[in-house]
Amino acid sequence: AGDFFQVVVGQPRDALGMHQMALDCAVAEWGQGHPNVAACYGNIGSVYWKQGDCDNALVQHQKALEIQLRVLGSEDPDVAGSYNNIGTVYKMQGKYDEA
(Lines give C-alpha, C1' and ligand atoms only; values in the text may rest on other atoms or scores of the structure.)
Protein backbone atom coordinates (compact mmCIF):
# COMPACT_ATOMS: atom_id res chain seq x y z
CA ALA A 1 0.00 0.00 0.00
CA GLY A 2 2.91 2.36 0.65
CA ASP A 3 3.78 2.51 -3.05
CA PHE A 4 0.18 2.94 -4.19
CA PHE A 5 -0.11 6.63 -3.40
CA GLN A 6 3.30 7.34 -4.89
CA VAL A 7 2.30 5.73 -8.15
CA VAL A 8 -1.13 7.35 -8.26
CA VAL A 9 -0.10 10.77 -7.05
CA GLY A 10 3.44 10.64 -8.42
CA GLN A 11 5.36 12.42 -5.66
CA PRO A 12 6.49 11.13 -2.27
CA ARG A 13 5.42 14.38 -0.60
CA ASP A 14 1.93 13.91 -1.96
CA ALA A 15 2.08 10.32 -0.80
CA LEU A 16 2.95 11.44 2.71
CA GLY A 17 -0.10 13.70 2.84
CA MET A 18 -2.37 10.95 1.55
CA HIS A 19 -1.04 8.45 4.08
CA GLN A 20 -1.46 11.01 6.87
CA MET A 21 -5.10 11.46 5.85
CA ALA A 22 -5.52 7.68 5.87
CA LEU A 23 -4.00 7.57 9.36
CA ASP A 24 -6.33 10.29 10.60
CA CYS A 25 -9.33 8.39 9.24
CA ALA A 26 -8.14 5.09 10.73
CA VAL A 27 -7.58 6.62 14.16
CA ALA A 28 -11.02 8.26 14.05
CA GLU A 29 -12.64 4.96 13.05
CA TRP A 30 -10.77 2.44 15.22
CA GLY A 31 -8.64 4.34 17.74
CA GLN A 32 -4.86 4.16 18.21
CA GLY A 33 -4.67 0.48 19.08
CA HIS A 34 -5.87 -1.10 15.84
CA PRO A 35 -3.80 -3.08 13.29
CA ASN A 36 -5.03 -0.81 10.48
CA VAL A 37 -3.62 2.18 12.34
CA ALA A 38 -0.31 0.32 12.66
CA ALA A 39 -0.36 -0.28 8.90
CA CYS A 40 -0.83 3.45 8.32
CA TYR A 41 2.17 4.24 10.51
CA GLY A 42 4.19 1.68 8.58
CA ASN A 43 3.16 3.22 5.26
CA ILE A 44 4.15 6.68 6.47
CA GLY A 45 7.48 5.26 7.63
CA SER A 46 8.06 3.78 4.18
CA VAL A 47 7.45 7.13 2.52
CA TYR A 48 9.89 8.84 4.88
CA TRP A 49 12.42 6.09 4.14
CA LYS A 50 12.06 6.61 0.39
CA GLN A 51 12.62 10.33 0.98
CA GLY A 52 15.82 9.51 2.87
CA ASP A 53 14.39 10.79 6.16
CA CYS A 54 15.56 7.92 8.33
CA ASP A 55 14.79 9.55 11.69
CA ASN A 56 11.12 10.05 10.90
CA ALA A 57 10.93 6.66 9.16
CA LEU A 58 12.22 4.99 12.30
CA VAL A 59 9.72 6.78 14.53
CA GLN A 60 6.79 5.71 12.34
CA HIS A 61 7.93 2.09 12.00
CA GLN A 62 8.43 1.89 15.77
CA LYS A 63 4.89 3.19 16.33
CA ALA A 64 3.60 0.48 14.00
CA LEU A 65 5.60 -2.17 15.83
CA GLU A 66 4.38 -1.07 19.27
CA ILE A 67 0.74 -1.38 18.20
CA GLN A 68 1.31 -4.70 16.45
CA LEU A 69 3.09 -6.27 19.41
CA ARG A 70 0.35 -5.14 21.78
CA VAL A 71 -2.57 -6.19 19.58
CA LEU A 72 -1.28 -9.02 17.38
CA GLY A 73 1.50 -10.59 19.45
CA SER A 74 5.10 -11.27 18.63
CA GLU A 75 4.43 -14.19 16.27
CA ASP A 76 2.32 -12.24 13.75
CA PRO A 77 3.79 -11.80 10.24
CA ASP A 78 3.07 -8.05 10.35
CA VAL A 79 5.35 -7.79 13.38
CA ALA A 80 8.12 -9.45 11.39
CA GLY A 81 7.54 -6.93 8.62
CA SER A 82 7.90 -4.03 11.01
CA TYR A 83 11.12 -5.47 12.44
CA ASN A 84 12.38 -5.77 8.87
CA ASN A 85 11.44 -2.16 8.11
CA ILE A 86 13.23 -0.94 11.24
CA GLY A 87 16.29 -2.99 10.35
CA THR A 88 16.30 -1.54 6.85
CA VAL A 89 16.27 2.00 8.24
CA TYR A 90 19.12 1.21 10.63
CA LYS A 91 21.06 -0.31 7.74
CA MET A 92 20.53 2.84 5.69
CA GLN A 93 21.88 4.86 8.62
CA GLY A 94 24.92 2.60 8.85
CA LYS A 95 23.84 1.37 12.30
CA TYR A 96 24.54 -2.27 11.61
CA ASP A 97 24.56 -3.34 15.26
CA GLU A 98 21.00 -2.10 15.70
CA ALA A 99 19.87 -3.59 12.39
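User: Which residues does glutamine 32 touch, not counting residues up to four places away in sequence?

Analyst: A contact here means heavy atoms within 4.5 Å. On that basis, and leaving out residues up to four places away in sequence, glutamine 32 touches Val27, Val37, Tyr41, Ile67 and Arg70. This is a predicted model, in which local features need pLDDT of at least 70 and side-chain atom pairs count only at pLDDT 80 or more, while totals for chains, interfaces and linings use all residues. Residues are numbered from 1 along each chain as its sequence is written, and side-chain values use heavy atoms, with hydrogens and water left out.

User: Is glutamine 32 buried, exposed or partly exposed, and what share of the protein is made up of buried residues?

Analyst: Relative accessible area, found with a 1.4 Å probe on protein chains only, decides this: under 20% is buried, over 50% is exposed, and values in between are partly exposed. Glutamine 32 counts as partly exposed because its relative accessibility is 39%. Of the 99 residues in the protein, 33% are buried. Among the buried ones is valine 47, with a relative accessible area of 0%; valine 47 is placed in helix α3, and its C-alpha atom is 7.1 Å from that of alanine 15, which is 32 residues away along the chain.

User: Which residues have the most contacts inside the largest nonpolar core, and which elements give two or more residues to this core?

Analyst: A nonpolar core is a set of buried Ala, Val, Leu, Ile, Met, Phe, Trp, Tyr and Cys residues joined through side-chain atoms within 4.5 Å. The largest one has 21 residues, and those with the most contacts inside it are Leu23, Val37 and Tyr41. The elements giving two or more residues to this core are α2 (12–30), α3, α4 (54–72) and α5, with the largest share, 7 residues, coming from α3. Leaving aside neighbours within four places in sequence, valine 37 is in contact with Leu23, Ala26, Val27, Gly31, Gln32 and Ile67. One of these, alanine 26, lies in helix α2 and is buried at 5% relative accessible area; alanine 26 in turn touches Gly31, Val37 and Cys40, with residues up to four places away not counted.

User: Which residues line the largest pocket, and how much space lies in it?

Analyst: Rolling a probe the size of a water molecule over the atoms shows where empty space is left. On a 1 Å grid over the protein atoms alone, a set of points where a 1.4 Å probe fits but cannot get out is a cavity, while a pocket is an open set with protein on both sides within 12 Å along at least five of seven lines, and lining residues have an atom within 4 Å of a point. Grid points are joined across faces, edges and corners, and the volume is the space filled by probe spheres set on the points. The largest pocket holds about 180 Å³, and its lining consists of Pro35, Asn36, Ala38, Ala39, Gly42, Asn43, Gln68, Asp78, Gly81, Ser82 and Asn85. At least two lining residues come from each of α3 (35–51) and α5 (77–93), and α3 gives the most, with 6 residues.

User: How do the lining residues divide into nonpolar, polar and charged?

Analyst: Ala, Val, Leu, Ile, Met, Phe, Trp, Tyr, Cys and Pro count as nonpolar, Asp, Glu, Lys and Arg as charged, and the others, Gly among them, as polar. The lining of the largest pocket has 3 nonpolar, 7 polar and 1 charged.

User: Which residues is histidine 61 in contact with, leaving aside its neighbours within four places in sequence?

Analyst: Histidine 61 lies in helix α4 and counts as buried at 2% relative accessibility. Its contacts, with those neighbours left aside, are Gly42, Gly45, Ser46, Ser82, Asn85, Ile86 and Val89.

Note on methods: Helix = DSSP H or I, 4+ residues; strand = E, 2+ residues; numbered from the N terminus.
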